[in-house]
Amino acid sequence: MASTHHGYSIFTSFPVLYIIILVRVQDVRHLPVYKGYIIITNDIKSLSRIIYPEPGMSRLHYMNLKLVFRQILTAGKFRVQTCLSVSTRYYSKLSNWGTKKSATHVKITNYHPEAMADPQIEQILAPLREAVKKQGVVVRSLKESNASDMEVKKAVGELKALKKQLDDKELALQPPSETFNRSKFADLMIRRFFYDQSFSIYGGVAGLYDFGPMGCALKSNILEQWKRFFVLEEQMLEIDCSMLTPERVLETSGHVEKFADTMVKDKKTGECFRLDHLIKNRLETLIKDKKQTPEVKEECKDIIIKLDGMTTEQMSDIVNKFNMKSPTTGNDLSEPVDFNLMFATQIGPTGDQKGFLRPETAQGIFVNFKRLLEFNQGRLPFAAAQIGNAFRNEISPRSGLLRVREFTMAEIEHFCDPSDKSHSKFVDVENTTMKLYSACNQMDGQPPIDITIGEAVSKGMVANQTLGYFMARIYMFMMKIGVTKEKLRFRQHMSNEMAHYAVDCWDAECLTSYGWVECIGCADRSAYDLSKHGEETKQRLVAERKLPAPKTIQVTELEMDKGLIGKTLRKDSKECVDKLSKLSINEVKQLHEFIDNGKPDPTTGLTLCKIGNKEFSINKEMIPLKSYSKTIHVEEIVPNVIEPSFGIGRIIYTLLEHTFKIREKDEQRTYLSLPPLVAPLKCCVLPLLDNDKFTPLVSMLSKNLCLKGVSNKIDDSSGSVGRRYARTDEIAVPYCITVDFDSLVEPQSVTIRERDSMEQIRVPVSEVVDLVQNLSQGNIVWNVAKVKYPKFESQQTNE
């Protein structure tokens with residue numbers, strides 16, 4: 001069952017190789033069905049390496065290799081094919097397995113304006129740019145002429161398709177910025193337990209992840225910096241609201257009605273698929289199929305363009321027409337059903353009150369607006385902030401932390417006067433240069449541009465100063481925590497992407513191995529949320545604006561005669577009063593007109609009127625209107641809201657990808673170049689050797705670092721100091737203090753090693769704690785420390 005093998009480059013790290021082809025494994029301790037996976041190992045007792053033929057395999061497979069192998073050998077119910085030698089037939093078949101670019105090495109291509117300056121490249125792109133520009137004009141003209149929604153959606157779909165062709169061509173002509181080794185990155189995340197799939201020993205749950213010690217510390221540090229940067233510096237009001245939300249609140253916000261996707265199920269396995277994604281992927285495959293006729297390909301393209309505006313019935317017809325099956329098993333699919341993405345629950349033991357786990361944290365701030373305004377002494381503008389978990393029951397969670405079912409959000413709601421959206425601190429950021437991808441540039445086929453936020457606001461590209469101010473602050477925050485500048489852009493939503501009530505919306509997108517990923521949204525939501533909650537609850541969710549001079553106004557109010565209503569309607573009186581209280585003054589006037597023109601009951605004198613969704617017999621005496629003059633010194637306004645919304649999980653993933661590095665001279669050594677401000681541990685204290693003489697000084701340094709608030713660990717494990725440095729590099733520790741024999745003699749000194757450069761300096765023991773504290777807090781940088789203290793080189797050979 002084994003053979004030695006030498007000479008094949010793919011297997012150079014395996015002097016003795018065992019190859020097992022696992023044809024089919026089913027029901028092995030809750031493992032899913034496998035087909036055609038290959039296990040490669042150099043130790044029959046501990047499977048040390050696995051290469052998958054396709055990406056996306058979870059850590060569960062890796063962690064259960066021993067179990068799978070044992071089941072194969074002992075259960076006798078799995079067919080195992082072994083290979084006694086690596087023949088040409090097997091080698092040619094396996095040499096690419098596990099080395100697919102999508103699974104291991106992913107090319108990341110960014111936009112470089114200098115590359116596009118080449119006349120030959122521009123000549124290739126010119127027809128595509130012109131096509132996008134022409135279609136953009138078509139979309140604008142349709143909107144100006146108030147064309148039907150279907151016509152607009154079709155035109156926008158065609159625009160998106162043309163824009164995608166242009167984007168793909170631009171990226172194809174760009175030189176690759178870098179190659180990202182996703183397999184090494186995933187290996188590091190799992191081995192060092194930054195994060196991993198939740199409940200993995202029970203088979204795991206898709207879309208749920210646990211953060212390990214280093215991931216938890218990184219998350220805490222990012223949130224701490226977020227609080228300092230926004231809550232503290234902007235003097236925001238921080239609150240913490242319940243994650244359980246009554247159904248009525250989310251009905252008012254629109255989530256119950258609109259927060260849903262259409263899905264289908266595999267009839268045999270029960271696996272769920274989002275229907276629009278399934279259709280799009282299948283049709284794109286047919287378009288690429290050389291066997292399909294031009295007519296079929298054109299029909300598929302037309303369907304993809306119209307897909308966003310299709311009903312469930314229309315999508316179901318497409319599934320039947322093209323005989324679509326489950327993409328994973330080939331089984332038949334169920335009928336489509338609408339699936340609400342919120343997690344439903346019951347509040348209380350009786351189950352009478354329905355609720356949901358919140359899909360966003362914003363609603364908690366809106367419903368507490370009145371209390372927050374009072375706390376702020378009734379003055380605008382002010383901002384409220386909240387950090388907390390939100391939940392979305394994704395049909396097909398994927399891409400690790402980028403699309404999950406439970407995630408942490410940090411949201412800001414900045415309330416301001418709708419007639420004055422200037423910002424007092426805008427002058428501080430107006431010269432900040434950012435990469436903006438405006439809606440106009442997207443519709444005209446033009447690339448993002450570098451522009452100052454001040455110029456963008458003055459040109460009307462960004463709607464107002466407050467929105468621009470927060471966009472600039474978001475940019476500065478992302479730079480502070482270590483996101484790569486060249487991989488951050490702000491993309492404006494096109495009109496068809498924005499909610500009907502939104503004034504303007506920009507997404508901070510980061511370039512990752514999965515493409516451009518939305519990490520932060522920054523939107524001007526107008527007064528929609530406060531208006532809706534105010535109408536539903538009859539609470540005055542308003543602020544007051546002082547008038548330049550008093551003015552007299554005419555006021556009309558409804559004065560219900562609740563006593564008369566109660567005597568007349570009896571058991572229906574409460575419901576009638578509730579529905580009447582939700583009517584506007586104009587609606588009450590319409591009721592009066594209806595009663596005047598209607599035919600009352602000759603016996604009771606009451607007229608049957610529809611109030612809300614129910615009919616009641618009433619008369620005008622029950623709902624009198626009172627009008628009077630009133631002199632006012634202030635007027636009520638419903639504040640507008642500027643909302644920056646941060647997806648913390650996506651920011652963490654982006655930051656980890658951007659800072660993942662491989663040593664130039666040793667590809668087996670990987671590390672994370674996280675900035676000291678957010679690094680999970682700031683320092684590692686380690687003795688040069690396992691010697692009791694070093695222990696007192698090592699313990700003293702660690703204790704003093706803790707007293708200064710510098711997170712640290714002691715690494716006195718076995719192995720050379722170079723190996724221990726490599727371990728600390730993998731968990732992003734920026735500085736290592738090494739106690740050696742020179743540290744035991746006067747004047748006592750230790751070495752400090754910097755992670756990225758691997759340079760070392762020698763520092764007196766009396767100064768080292770303060771130095772590391774200043775370095776980790778960003779008060780000084782490593783280059784300054786190098787000038788002050790002598791360089792140390794003796795231990796470099798150990799690395």
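**Entry 1: a proline and its loop**

In which loop is P381 found? I looked it up: P381 is in the loop between α15 (369-375) and β17. I work with a predicted model, where local features need pLDDT of at least 70, side-chain atom pairs count only at pLDDT 80 or more, and totals for chains, interfaces and linings use all residues. Residues are numbered from 1 along each chain as its sequence is written, and side-chain values use heavy atoms, with hydrogens and water left out.

The peptide bond from L380 to P381 is cis, with omega near -5°. I found a cis bond between E746 and P747 too, with omega about -10°. P747 has its place in the loop between β33 (735-739) and β34 (749-754).

**Entry 2: the whole chain**

I noted the totals next. The chain has 27 helices and 36 strands. Helices (H or I, at least four residues) and strands (E, at least two) are DSSP runs, numbered from the N terminus. Of the 799 residues, 47% count as buried. Buried means under 20% relative accessible area, exposed means over 50%, and partly exposed is in between (1.4 Å probe, protein chains only).

The chain exposes about 40,900 Å², and carbon and sulfur atoms supply 50% of it. Accessible areas come from the Shrake-Rupley method with a 1.4 Å probe; for residues, only the protein chains shown count as cover. I also looked at contacts (heavy atoms within 4.5 Å). Among contacts with a separation of 6 or more, 67% are between residues 24 or more positions apart.

**Entry 3: helix α21**

Which residues of helix α21 are buried? In this helix (residues 573-581) I list S573, C576, V577, K579 and L580. Seen down the axis of α21, these buried residues fall within an arc of 165°, so they line one face of the helix. The arc is that of the directions from the helix axis to the C-beta atoms. A reminder to myself: an α-helix has 3.6 residues a turn, so residues three or four places apart point the same way.

What do the buried residues of α21 pack against? I find β24 (543-558), α20 (562-569), α22 (585-597), β25 (607-611) and β26 (614-618).

**Entry 4: aromatic rings**

I used this rule: rings of Phe, Tyr and Trp (its six-membered ring) pair if their centres lie within 6.5 Å; planes under 30 degrees apart count as stacked, over 60 as edge-to-face and the rest as tilted. The count comes to 22 aromatic pairs. I picked F382 and F415. Their ring centres are 5.2 Å apart and their planes are at 35°, so the pair is tilted. The pair links distant parts of the chain: F382 is in strand β17 (residues 382-391) and F415 in strand β18 (residues 406-416), 33 residues apart. Both F382 and F415 are buried.

I then found one aromatic cluster, formed by F180, F185, Y514, Y653 and F660. R182 lies over the face of Y514, at 4.0 Å from the ring centre. A charge sits over a ring if NZ of Lys or CZ of Arg is within 6 Å of the ring centre and within 35 degrees of the ring normal. The charged end of R663 sits over the ring of Y671, 3.8 Å from its centre.

**Entry 5: two buried residues**

I turned to I453, in helix α17 (residues 453-458). I453 is buried, with a relative accessible area of 0%. Leaving out residues up to four places away in sequence, I453 touches F426, V429, E430, T432, M434, V462, G468, M471 and A472. The C-alpha atoms of I453 and L467 are separated by 10.0 Å, and these residues are 14 apart along the chain.

Next I took Q492, in strand β21 (residues 488-492). Q492 counts as buried, at 11% relative accessibility. Which backbone oxygen does the side chain of Q492 reach? The oxygen belongs to M461, at 3.3 Å. A polar atom of the Q492 side chain also lies 2.9 Å from the backbone nitrogen of A439.

**Entry 6: positive phi**

I ended with backbone angles. F193 is not a glycine, yet its phi is positive, near 50°. F193 lies in the loop between α7 (182-191) and β8 (195-197). At 38% relative accessibility, F193 counts as partly exposed. M758 is not a glycine and has a positive phi of about 65°. I find M758 in the loop between β34 and β35 (760-764). M758 is partly exposed, with a relative accessible area of 23%.

Key. A polar contact is a pair of N or O atoms within 3.5 Å; within protein, one must be able to donate a hydrogen and the other to accept it, and residues adjacent in sequence count only if both atoms are side-chain atoms.
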